[in-house]
Structures are given as C-alpha cells and as structure tokens.
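Keep the structure open while you read.

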Amino acid sequence: MARARQERAEITRQAILDGAATAFDLGGFEGTSLSDVVKHAGVTKGALYFHFPSKEALARTLMDEQFQVSEHLPAVENPGLQTVIDLTHQMAHGLRTDVRIRAGIRLVIEFGSFTHPDPTPYDAWIDTCRNCLTPAQQRGDIHPSLDVQDLSTLLVGAFTGIQVTSHVRTRRDDLHTRVTDLWNFLLPAIVPPQRITRFHPTGTPETAPPSPTR
C-alpha cells in the first residue's frame, strides 16, 4: 500500500513538472502563474503545493535537470572533443523534442540574464566541456597554445546564442545545421590540421540527427 502511494505521488510529481514545463516554455517565468501550471498538469493546487512550495521551486527543479547533461560522461571511454560535439547535438535534439529541456533552458537564460542572475548552470556546462577538452588537448587533438577554460566558455556562450537565434528565426528547425556550422568554422581553428579528419561536426553516426533543415 505504501509503495502504491509512493508511485502515485511520483506520477503526480512528474505530471506537475510536465505541466510546469509546458507553461514555462510558453510564457517564461514571469509570464506563468501557478494556475497555468495546474491547468497544464491536470492536478489540484493542493497537489501542486504538496510537492512544490512555490513557482520558483518548480523552476529550480526544471533548471536542475539541465545539469544531467553530463551524467553519462563517466561511462564514456576517453571523453574528448568529439564528446563535446556530440553533446551539443544531443542538447539540440532535446531542445527540439523535449518540452522539459526547452523550459529548463529558457529558465536558465531568463534567470541567468535578467530575472535572478545565476551563473551556476553556465558554470556547470563549462566544467563539463573543460573536463572533456582537457584530455583532448593532452592527446594532441587541440592546439597546445589554447586555453581550454576559455575555449569551453566560448563554446557554451556560442551554443546559447545559436539556439536562441534558431528559436527566434525558425522555431529551432535549423538548429542542428547551425550547430554543425559552428563546428565546421571552429574545428580548423582549434585542431591541428593532421588530426581534423578524426572529428565529425555533425556528430558521430549514433548521435547525428536525421537530415537537418538548412
């Protein structure tokens, strides 16, 4: 009986997060009310408050999910530059197909830029990139003169700007193509010429998207 209650509670919690994601994706943090969340989640306000004490708690939970982008990295053998390329395409795919990722990223941008400035999510993404690019540089895949921390910071900023621009211009229909453009322009500047053919700007075959729109 207790297990059944726990399972029902978790189902309700996930429904609330899905409803909140839909509401935040449509209206952003300031433009979303708890009534909007309840409407999209199909739950009562009492159920919402049982799981989340405030709108900000909901937003923080959705933003915290973005840290999961690096959860599988320990399982990657010899993470490196291609790992980062693949992660950018995986994030692009998530932004196009998963409302919780879209909402989380929108909230990260709003909180990090205007509403409540918080660099934590950006710092986490930068750390993820640096942890992949440092061994890549040690293996000779990145020019030794480059500062990997600065490169990681550039990548995170570039991806953030690219996805926002893609959202405004095409509702992200061209996002994979724009991410590929980023790598096509960047790889010759950061990788020694004799090693550049090792890398796939469209992502490795198992992670590459199907025929992006140009």
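This is a predicted model: local features need pLDDT of at least 70, side-chain atom pairs count only at pLDDT 80 or more; totals for chains, interfaces and linings use all residues.

Setting aside neighbours within four places in sequence, leucine 81 is in contact with Cys132, Leu133, Ala136, Asp141, Trp183, Leu187, Ile190, Val191 and Phe199.

**The core**
- The largest nonpolar core has 53 residues.
- Leucine 81 is among the residues with the most contacts inside this core, along with Phe24, Leu58, Leu107, Leu133 and Trp183.
- Helices H1 (2-27), H2 (34-41), H4 (55-64), H5, H6 (99-113), H7 (120-138), H8 and H9 each give two or more residues to this core.

**Helix H9**
- Helix H9 covers residues 175-190, so count 16 residues if you trace it, by the way helices are numbered here.
- From first C-alpha to last, H9 reaches 22 Å, close to the 22 Å expected at 1.5 Å a residue.
- The buried residues of H9 include Trp183, Leu187 and Ile190, and those three also turn up in the contact list of leucine 81.
- Helix H5 (81-97) and helix H8 (148-170) are among what covers the buried residues of H9.

**Valine 37**
- Now hop over to helix H2, where you'll find valine 37.
- Is valine 37 buried or exposed? It's buried, because its relative accessible area is 0%, and the cut-off for buried is under 20%.
- Beyond four places in sequence, valine 37 is in contact with Ile16, Gly19, Ala20, Ala23, Thr32, Leu48 and Leu58.
- Valine 37 and alanine 23 sit 14 residues apart in sequence, yet their C-alphas are 5.9 Å apart in space.

How values were computed. Residues are numbered from 1 along each chain as its sequence is written. Side-chain values use heavy atoms; hydrogens and water are left out. Helices (H or I, at least four residues) and strands (E, at least two) are DSSP runs, numbered from the N terminus. The expected span of a helix is 1.5 Å times one less than its number of residues. Buried means under 20% relative accessible area, exposed over 50%, partly exposed in between (1.4 Å probe, protein chains only). Contact means heavy atoms within 4.5 Å. A nonpolar core is a set of buried Ala, Val, Leu, Ile, Met, Phe, Trp, Tyr and Cys residues joined through side-chain atoms within 4.5 Å.
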